Amino acid sequence: MRSHTRHLTFETRERREFVRITDDVQQAVDESGVAEGMVLVSAMHITAGVWVNDDEPGLLEDTLEWLDKLAPPSWKEPANDVARELSPDPGDFRHHRGGEDNGDAHWKNLLVHHQVVLPITEGRLDLGPWQAVFYAEFDGRRAKRLVIKVLGE
Amino acid sequence: MRSHTRHLTFETRERREFVRITDDVQQAVDESGVAEGMVLVSAMHITAGVWVNDDEPGLLEDTLEWLDKLAPPSWKEPANDVARELSPDPGDFRHHRGGEDNGDAHWKNLLVHHQVVLPITEGRLDLGPWQAVFYAEFDGRRAKRLVIKVLGE
Amino acid sequence: MRSHTRHLTFETRERREFVRITDDVQQAVDESGVAEGMVLVSAMHITAGVWVNDDEPGLLEDTLEWLDKLAPPSWKEPANDVARELSPDPGDFRHHRGGEDNGDAHWKNLLVHHQVVLPITEGRLDLGPWQAVFYAEFDGRRAKRLVIKVLGE
């Protein structure tokens, strides 16, 4: 059995950003020498996620707009009435009593999920033709880490 | 260490459909000879998911109705005012500028998640009594693939 | 290759409850003797989930309130108009025709996801400083199980 670990660090320019990391994950697989196995790609923060989807800018913009309705920030005005009603009932997140302002990023982490596991077949990520791997940052502009763990033979 | 890979192809009759695949996953485990390990079950498309839940038709119908409110299609009328407000602000998905009409299926993929990892104990899927594995199709009527990757000993 | 399995049982006092299990997962890793690998933490029920996030009571309360809007129970009044519109159109869950009242817990299971896979590096869960592992109970007050499966070397 072989295993291999790689940590990536992101410091996005925007507060929220999708960063394509498919090639970084494949590179970790290459380094591992694993031909058949799995690779775990996992954000090490509670305000970020990992999403496997289409590398199409329109869709990514649609998705961030939508996540801001489902999991509304309190650091800007709610996008509409639905976002207002989905906001915390006390008017702001209880979580913000400690001085934070990123409660929405925790909720986006829940919806997107913080990790994925990808199959490795014959040394390659066994993905469909449109599947790209994204690190999904929801509270960026500071150094944040992600771990890639390869397991197989 | 043993590993085993199996690809399934689905071509659903309906645009959206839950397809029970528990037995297919168990069969892949049987083929692998793995007694202790994990099995990854992963849609290879960005408009489908995998859900482990109850094989109860009422619940599956409830869930599709609900997903159409949370992640509203633009190829039919929004189900109600909430669905309308959760729809993209420009009136349609930016993603549809390229001629697609399946933006909602990408969002359902995000909510449902495209993959699960299941435990294998003594050669069997170590599931609870009501846990069934479903391939969740959100943009079907064409051939789509899923990969099953077994790892263990 | 080494593997190790541990089952936990929960019987929460409240119907809904987040139970921190980071130490239980680390203990299973310790028992396994695995230094490099992965550990799967998976609810064996279709009305529970596993979430990796912040052990901060305000956030957990925010999150339960929010999940009750996105995935509204029918055993109590909808929290507001959005929760009312996200409730099943027939007035109650089709799923409840069999006598159940926990349809919302199935939906919360979908949003939260029933399992996570965590990396193990040098014998420790390779988590970020604020990542805690929670069993998320959405229909408790009865014995429910979770499986921990460690795989690695």
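**The interface of chain C and chain B**

Good morning. In this structure, 35 residues of chain C are in contact with 40 residues of chain B. Please keep in mind throughout that this is a predicted model.

I shall begin with the extent of this interface. The size of an interface is often given as the accessible area lost when the parts come together. For chain C and chain B, the buried area is about 3400 Å², and carbon and sulfur atoms give 61% of that area.

Let me turn to the polar side of the interface. Between chain C and chain B there are 24 residue pairs in polar contact, with both residues at pLDDT 80 or more. Five salt bridges are also found across this interface. One of them joins Lys149(C) to Glu36(B), where the closest N and O atoms are 2.6 Å apart.

Which elements of chain C supply at least two residues each to the side that touches chain B? They are the strands β1 (2-10), β3 (37-43), β5 (115-121) and β8 (144-152), together with the helices α3 (81-86) and α4 (103-112). Of these, α4(C) gives the most, with five residues. Sorted by class, the side of chain C that touches chain B has 20 nonpolar, eleven polar and four charged residues.

Finally, I come to the arrangement of the two chains. Two copies of a chain are related by a rotation about an axis and a shift along it. Thank you for your attention.

Terms used:
Residues are numbered from 1 along each chain as its sequence is written. Chains are lettered from A and ligands numbered from 1 in the order in which they are written. This is a predicted model: local features need pLDDT of at least 70, side-chain atom pairs count only at pLDDT 80 or more; totals for chains, interfaces and linings use all residues. Side-chain values use heavy atoms; hydrogens and water are left out. Contact means heavy atoms within 4.5 Å. Buried area is the accessible area (1.4 Å probe) that two parts lose on being put together, summed over both. A salt bridge is a side-chain nitrogen of Lys or Arg within 4 Å of a carboxyl oxygen of Asp or Glu. A polar contact is a pair of N or O atoms within 3.5 Å; within protein, one must be able to donate a hydrogen and the other to accept it, and residues adjacent in sequence count only if both atoms are side-chain atoms. Helices (H or I, at least four residues) and strands (E, at least two) are DSSP runs, numbered from the N terminus. Ala, Val, Leu, Ile, Met, Phe, Trp, Tyr, Cys and Pro count as nonpolar, Asp, Glu, Lys and Arg as charged, and the others, Gly among them, as polar.
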